[in-house]
Amino acid sequence: MHAPAPDTAGERGSRSDAHRTERRQVTALICDLVDSVSLTVRLDPEDMMDVVDGYLAACEEIIVRHGGHVSQFTGDGALAYFGYPRADEDDAANAVRAGMEIRDAVGRIGRELGITLQSRVGVATGLVVVSDLIGRRGSRAVEIVGETPNLAARLQTVAAPNTVVVAKSTQRMTHGVFSYRDLGTFALKGFATPIEAFEAVEAIGASRFQARAPGKLTPMVDRVDVLALLLARWTEAQSGKGQIILLHGEPGIGKSRIVEELRRHAAETSHEQMIWYCGPTYADSALQPISQQIARLAAFDRTDSATRRREKLGRVLARYGVASPLSQAVLADLIGVPAEAGTPIDVMTPDKRREVTQDTLLGIMEQLATSRPAMFVLEDAHWSDSTTLELLDRAVRMAAGRRWLIVVTARSEYQPSWTGEANVTHLRLARLDRGDAERICVHLASEALPTDAVRQIVTRCDGIPLFVEEMTKSVLEATAAGVAAVTIPMSVQDSLVARLDRLGPARRIANLGAAIGRRFSYELLAAVAAQPDDELRAGLRELTLSGLVESSGVPPTSTYLFKHALIRDAAYESLSKRERQGLHGKIAAVLRERFPETGETEPELLAYHLSESGAIAEAIPLWAAAGQRAASRAAHVEAARHFQTALDLLSSLPEESGRVVLRLQLLIGLAVSLAASRGYAVPEVGRVLAEARAICDALGNVADLFAVLRGICSFLIVAGDLVGAEETARLCLGIGEQTGLPEHRIEGDCTLGYILFVKGELETARRHLEKGVHAYAKEDGARLPRVSSQDPLVTGLASLLQVLHAMGDAAGAERVAAELDAHARSLARPFDLVWALSWLAFYKLARRDFVGAQADAQEALGLCKEHGYPLYQLVASSLEAHARGYLGEPRLALETAQGTLPAFQKLGMLHFSSFYLGEVAGLQLASGDPAAALRTIEAAIEAARRHGDSYFLSPLNRRRAEILARIPGTAPEDVSAALREAIAIAEAQGAAAFVQEAAKLQQ
């Protein structure tokens, strides 16, 4: 709808003319006379004009008196807005109240004129875009566009005579002020779904509302008992009894304020302090709260070279006792300082890098508390990245026995697992009572507010400290500006918008800063604002004095932080989408031109601004780079989000052949990070792999897809889908035959041989494995390009070893075992050696060489801990426990072995679950619990059948016979039946050794 301003001269401006566009929440009111056509028939035209003039004059007087703005008169109707051009607390309530007064006034006018006069009123609340246009010759017009005025107009048409009908949005905001009659739903023209409508009946009382703003510091009231408890925990922490405090509460309840008070009291004693602030902008950036703090401590300058930055960082880290070159390298990498050539992190796996980084940070925490106690604060943990939360979890587990106090503030959605620990104090902050809320008003106003204003603030704030503070400030600012009859803003959102309205030129700076993010630097803001330095500094001073932001440092090296996310949101969301897009584009351009390192150190930041500017094609590679960077640090939760963002953006672009390959690469990256962070069995991994596989099938067997298919094959194996894995492995073989590349043929045969071995197809498996092993030797496979994460000969020999053992070729198996051990050690690749040692331990367990199995498993376990291989650490730990149990410690070993089972499930490791269950059953039997062993072995057999791990079916049935024989009252025929099943399966597979082992028991 187009709403002309009072000085409109008939010339409408265009969007190319000067104009100010913003987004606002308004309440629209539309009123109209009922059956005005019949009145024109019955009345003299001049009398009819007097009726309409009197009616419209009454409407205007009522609307203006209640704080509204008459935008347009159309015949015998009026359109008014509450919330524009200025926001008010009770906009929705004032609109409804005005509508009810118009309804009553029209009746009075009719009675005075001796005619029947009735009205209909429609009211709706929602978001609109307001554009203040200036025409070519200075004329002005205000245009308000959005669903809200149209909805109010439609509701007016369905209203009965002499009624006020409101939308659900308005009713929800004012249900404590008026009583309503539910009218049900209406199918309104132009609206796709039925619209709920309510008739306003009468006013019943003052308005109430719910807190929706993030935390905001308020004067310290009604927290004496809470503070006393926190100080007691601080005393305990100082004596070496480490404590953790979790402050939970709704937005605006005062979590940050209580922490501020705790820190103030703690300052009375000598101690160390670290505070980490989380925020929604960096929720997907690993360890961002900590990396930002380290970077600030290092005091980097924009002109610093990489060497200079390393020197500065080194001095900071030296103060915290970080002397190890490896530790210094990972922290330099964390904050984006380029590493020196030959740095040790180049050869580290992502998991190991993650482990060293966290160990270093925990070491800093310990160093801080060596000579005096330390307090660590994590603010707004509900916005934290998962890696920071993981570090927090480790710190919590370490706190006991240390002079640490860890304080965490969060909203209710953050629910850590450690709240039940003995040294954890979990507090939920309650709302203020009326007296405490009044004390906040008096503290802020210094008696400048009348008692009635204080009463209104307290009544409407419902005990939320943030609401009390923000409403008080808004009223004070309005009073200082000489605005008469100021009403209290209805919500914190409206309160902040009202304060932004009064900033003058500084509001534009707030908008620019909000587009950059919650935290912004003077240097970046100045480049984006492109205005004189003195004006920018003055505006920032005004913004800081307003209390909306806090500053650190002095321009041009100063930084600014919106005190709370909601403050930033209020400034940002008032921008039109077109203006936001333009600002993000400008910010991205500045980052590229003046901060070129951003693309490498914080690709997600540049990607975000490019995405929001509409430069989707440019943003996608940066999101992909951000995902790869996060994955390289084992920050797989963040990596998965970055890859998913890139995929979502890619889906919005027109389809092109080249983008299919890019999508495939993103899907594989997403699958890797999803599986690493959430486990291989989560549905998302399956869906991602299914799409990746469909793309592979559509593209055909081309050489560059081999590695993709090989990766998919590994996921399918681990997820227990051997059918899908075999199909994919055969596709790999086909590509190998098509390309003729030896690395493809070797990898294809070894992979397929492995799958067939697990499925119990031993003879076929042996042929493929021996073919792959022979080709590896012939082609000097160690020098060939790698197409998967592990050496194919290690896979081939490890699988062939199990096949030969099962088939009864003991001498061949021993020869292959020795070859496997020697080859894996010759590669000098820890992961390949871990893989080989695990399979050697598996083989020796089957041969009942428990001493040898334990030795191999222990060596593998040590390598896993050293280099960071979490999955194979579980494998090695399980194998070591099984060997230890058979060597005489079954009960202790059983506890370890059982503990690995849920960990495997969490990772989605379904592959070999039947084997691990079978070994647990053996330990249960050795511990004297055959009943439990029987339940476990039956679960193992079911798992083998479900996942196709047929290689284990014969040994599992043999063990079932052993267990049945130990259960009193078991019929001998049941034992014999289990052994016959074991023998039949082994004979069908050609597993002579398994046949022989079962036959011995049968005898």
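Select Leu 699: with 33% relative accessibility, this residue counts as partly exposed. Buried means under 20% relative accessible area, exposed means over 50%, and partly exposed lies in between (1.4 Å probe, protein chains only). Leu 699 belongs to helix α27, residues 683-699. Helices here are DSSP runs of H or I with at least four residues, strands are runs of E with at least two, and both are numbered from the N terminus.

The model is a predicted one, in which local features need pLDDT of at least 70 and side-chain atom pairs count only at pLDDT 80 or more, while totals for chains, interfaces and linings use all residues. Residues are numbered from 1 along each chain as its sequence is written, and side-chain values use heavy atoms, leaving out hydrogens and water.

Together with Leu 699 they form a nonpolar patch on the surface, with about 180 Å² of accessible area. A patch is made of residues with over 30% relative accessible area and no salt bridge; nonpolar side chains (Val, Leu, Ile, Met, Phe, Trp, Tyr) are joined within 5 Å, and like charges within 9 Å. Accessible areas come from the Shrake-Rupley method with a 1.4 Å probe, and for residues only the protein chains shown count as cover.

**The whole chain**

Now show everything. The chain has 42 helices and 17 strands, and 56% of its 1003 residues count as buried. Contact means heavy atoms within 4.5 Å. Among the contacts with a separation of 6 or more, residues 24 or more positions apart account for 70%.

**A parallel sheet**

Select strands β10 to β14. These five strands make an open sheet with parallel pairing, in the order β11-β12-β13-β10-β14. β11 (272-277) and β14 (424-428) are the edge strands; each has a single partner, so one side of each is left without a neighbour in the sheet. Neighbouring strands are turned by 10° against each other on average, direction ignored.

Zoom in on β11 and β12 (residues 374-379), which run parallel and are joined by six bridges. Two strands count as paired if DSSP finds at least two bridges between them. In this pair, Trp 276 stands opposite Leu 378 of β12.

Next, show helix α12 (residues 386-398). Helix α12 packs on the sheet and touches β10 (243-248), β12 and β13 (404-410); its direction makes about 140° with that of β13. Axes are lines fitted to C-alpha atoms, for helices over the stretch in contact, and angles run from 0 to 180 degrees between N-to-C directions.

**A hairpin**

Go to strands β3 (residues 69-74) and β4 (residues 77-82), which pair in the antiparallel sense over five bridges. Phe 73 stands opposite Ala 78 in β4. The two strands form a hairpin with two residues between them, and Gly 75 in the turn has a positive phi of about 65°.

Select Ala 453 in helix α14, residues 451-461. Its relative accessibility is 13%, so Ala 453 counts as buried. The C-alpha atom of Ala 453 is 9.5 Å from that of Cys 441, twelve residues away along the chain.

Then select Thr 728 in helix α29, residues 722-739. Thr 728 counts as buried because its relative accessibility is 0%. Neighbours within four places in sequence aside, Thr 728 is in contact with Arg 693, Leu 709, Ile 712, Cys 713 and Leu 716.

**Salt bridges**

A salt bridge is a side-chain nitrogen of Lys or Arg within 4 Å of a carboxyl oxygen of Asp or Glu. The count by this rule is 46.

Start with Arg 766 and Glu 770, whose side chains meet in a salt bridge (3.0 Å, N to O). Because they are four residues apart in helix α31 (residues 762-778), about one helical turn separates them. Arg 766 is partly exposed at 22% relative accessibility, and Glu 770 is partly exposed at 36%.

Move to Asp 780 and Arg 783, where the closest N and O atoms of the salt bridge are 3.7 Å apart. Asp 780 is partly exposed at 40%, whereas Arg 783 is exposed at 71%.

Finally, select Arg 884 and Glu 880, a salt bridge with its closest N and O atoms 3.0 Å apart. Both residues are buried. For a network, select Glu 726, Arg 730, Lys 759 and Glu 761, which are joined by salt bridges that share partners.
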